[in-house]
Amino acid sequence: DLVHETVSRACREQHRQIEMNLMSGNLAHLLDLLWSWLSSIEEGQNVLRSRDDSDMIRFGAHIVLVLRYLLSNEMEDEFEEKLVTVGDLIINMYVRYLFSEGQEELVGVYASQLERDVCIDLFVDMMELRLNSSLHTMYKLFLSAVEYLPFSSGDVSKACFEEIIERVLSRSREIKPHQYNEDFSDVAEQHHLQALQKAMIIQWLCFTPPSSIPDFEMITGKLLIRALIHSNTLFREFSLISMRRVPELPVGPHKLLAILAEPLKQKENLFSLEDQEVSDNLEEFEDWHEYYSLDATYRGWLRCEMENSSVPPEMLSAEEKDQAVAAATQTLELAFLLLEREERPWLNAVETSPFESSELVFLELHATAILCLPSGECMTPDATSCTALTSALYSTISEEDVLHRQLKVEVKVSSKDPCCIEVALRCLATEGDGFGLHEANDGGLLAAIMAAGFKGELNRFQPGVSMEISRLDAWYSDCHGSVESTAAYIIRGLCRRCCLPETILRSMQASISLSEAGDSLDRCDKLIELVASSDSGMMHLFSQQQLQEFLIFERECFICKMELEEEQRPADG
């Protein structure tokens, strides 16, 4: 009551309250006061933030940092805990403010002061939000992280760049909730866009760190190796959604190849090719590069064929005909390079198990997928269709194998996306499939079951309905279901079961088209010999329907050959 009204009013002003708490040494109350003001700003963040608000956020963050540095060795436990918890809230808010203002180059300075989990979560959020930004903006954020955080850390309390990248990669493969049209007509399109987003995440691994940071060459090499490993995981998934014979290119794999093209030119300088893991992943990457180059060439030929078929034959120019012939010829040349390898088969799935046959080991294959009708439209799953699919997957193998391998199949609607199903397969490991050397090169029992679903050939399910993959993982597990290690041979074998027969059928299609244009049928004969050969191991990769289609193509080849002989007979006579 003795204080003048002007003084009393001034004492309620923010800067005066800060001064009073500093002078009285009541730092805990100061932190509470700062956060009470800043949290009210955050609650009203949808309203345009005033200059005073941003100044207070900046001031609060710097007060926290000053107190941490000045009092690092003189704090009581209670106050230290408050300076960490409340301080992190304030600094986190300031980092998000800087990020919202496009000042990515500054976020690392402050984010590096946060507790490990808070820092990692913050950078993961920011990287996801900047995924569709310009490369310049993305690089600013990358630099901010790699310059102010250690690349790897033995201190579990501190964040490191490696953990952030692992979290970003892991999150990118998770199924995210979607907002679909009321009639679900855009489901397939949304999933193809998700494939593009999954591919673009690799860009974070392909930036070059500045030479000013310690071990920058080693860090660049490690990032590129990680990019290779993750890209191969994505290539496997993308291959199983690229089966349709349409001219449109699948966006995911070709975006991946474009991002990795430049960094991989420096691979000899960045890592040792003698390292087995590096060598294996580089070989697999080159296999996928070869496969998708063929895929793009085939689709280019298909586009020419579709365009030419819409025009009367007599109206086609010689140039248009030659273009189609050239595209078909190139498709076949690339196909034979992939199919007729002598040293190493394409996408080699031969692998030695890390487990002994005396152990009780299970194999698991988990997939998230959408159900597609033959037209390409999505079929919305429900409990009934999941039960039917479960029964259909069981029926792909004999009852004896189901019992002997202790097969378990579970299908349910995804909790994150109502248009997706989650499929879980589990079976007992056996010699050649989970134990010892997997020589069959086809992924074993679980790959055979899942291949039937991807090819749309499930006997007790709706005809022609296939599974289009969103995520695919395989691993070894113990009797309790705990993951022991990954089982990549299953997925590589599954890809061989799906991709190689389809490549041969596409090649037959192109070969017959060339024969109709007057070319010889030698390539058709070579494809027939390849499938029939026991050495190639191709025959058992074909499903029943694929074999029927192959036989139809073979019959067309025979008819074309007879017609050619008939045409040549008078000339020889």
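**A covered helix and the spaces in the fold**

Modeller: Helix α18, residues 444-454, is mostly covered, with ten of its eleven residues buried. The model is a predicted one. The buried residues are G444, L445, L446, A447, I449, M450, A451, A452, G453 and F454. They pack against strands β2 (362-372), β5 (420-428), β8 (437-438) and β9, and against helices α16 (383-394) and α19. Just after α18, G456 has a positive phi of about 70°.

F454, a buried residue of α18, is among the residues closest to the centre of the second largest pocket, together with M243, K455, G456 and S466. In total, 21 residues line the second largest pocket, and its space comes to about 510 Å³. Three elements, β9, α19 and α21 (544-572), each supply at least two residues of that lining. Two of these, β9 and α19, are also packed against by the buried residues of α18. By class, the lining of the second largest pocket has eight nonpolar, six polar and seven charged residues. At least three of its residues come from domain 1 (272-347 + 502-568), and at least three from domain 2 (362-486).

Next comes the largest pocket, which holds about 880 Å³ of space. It is lined by 34 residues, and I229, T233, R236, T486 and A488 lie nearest its centre. Several elements each give at least two residues to this lining, among them α11 (216-239), α14 (276-309), β9 (466-477) and α19 (488-516). The lining of the largest pocket is made up of twelve nonpolar, eight polar and 14 charged residues. Because domain 1 and domain 2 both contribute residues to the lining, the largest pocket lies between them.

A probe the size of a water molecule, rolled over the atoms, shows where empty space is left. The structure has two cavities of 30 Å³ or more.

The largest cavity holds about 110 Å³ of space. Its lining includes H191, H192, E237, F238, I370 and E468. The elements that give two or more residues to this lining are α10 (187-200), α11 and β9. Of these, α10 provides the largest share, with five residues. The lining of the largest cavity divides into five nonpolar, four polar and three charged residues.

The second largest cavity holds about 70 Å³ of space. Y291, L294, D295, T331, A335, C499, E502, T503, R506 and S507 line this cavity. Two or more residues come from each of α14, α15 (318-339) and α19. The most come from α19, which gives five residues. The lining of the second largest cavity has four nonpolar, three polar and three charged residues.

Two elements connect these places. Strand β9 is packed against by the buried residues of α18, and β9 also supplies lining residues to the largest pocket, the second largest pocket and the largest cavity. Helix α19 is packed against by those buried residues too, and α19 supplies lining residues to the largest pocket, the second largest pocket and the second largest cavity.

Conventions: Residues numbered from 1 in each chain as written. Predicted model: local features only at pLDDT ≥ 70, side-chain atom pairs only at ≥ 80, totals over all residues. Heavy atoms only, no water. 1 Å grid on protein atoms, 1.4 Å probe; cavity = no way out; pocket = protein on both sides within 12 Å on 5 of 7 lines; lining within 4 Å. Points joined across faces, edges and corners; volume = space filled by probe spheres on them. Helix = DSSP H or I, 4+ residues; strand = E, 2+ residues; numbered from the N terminus. Nonpolar A, V, L, I, M, F, W, Y, C, P; charged D, E, K, R; others polar. Domains from an automatic or database assignment. Buried < 20%, exposed > 50% of the residue type's maximum accessible area, 1.4 Å probe, protein only. Contact = heavy atoms within 4.5 Å.
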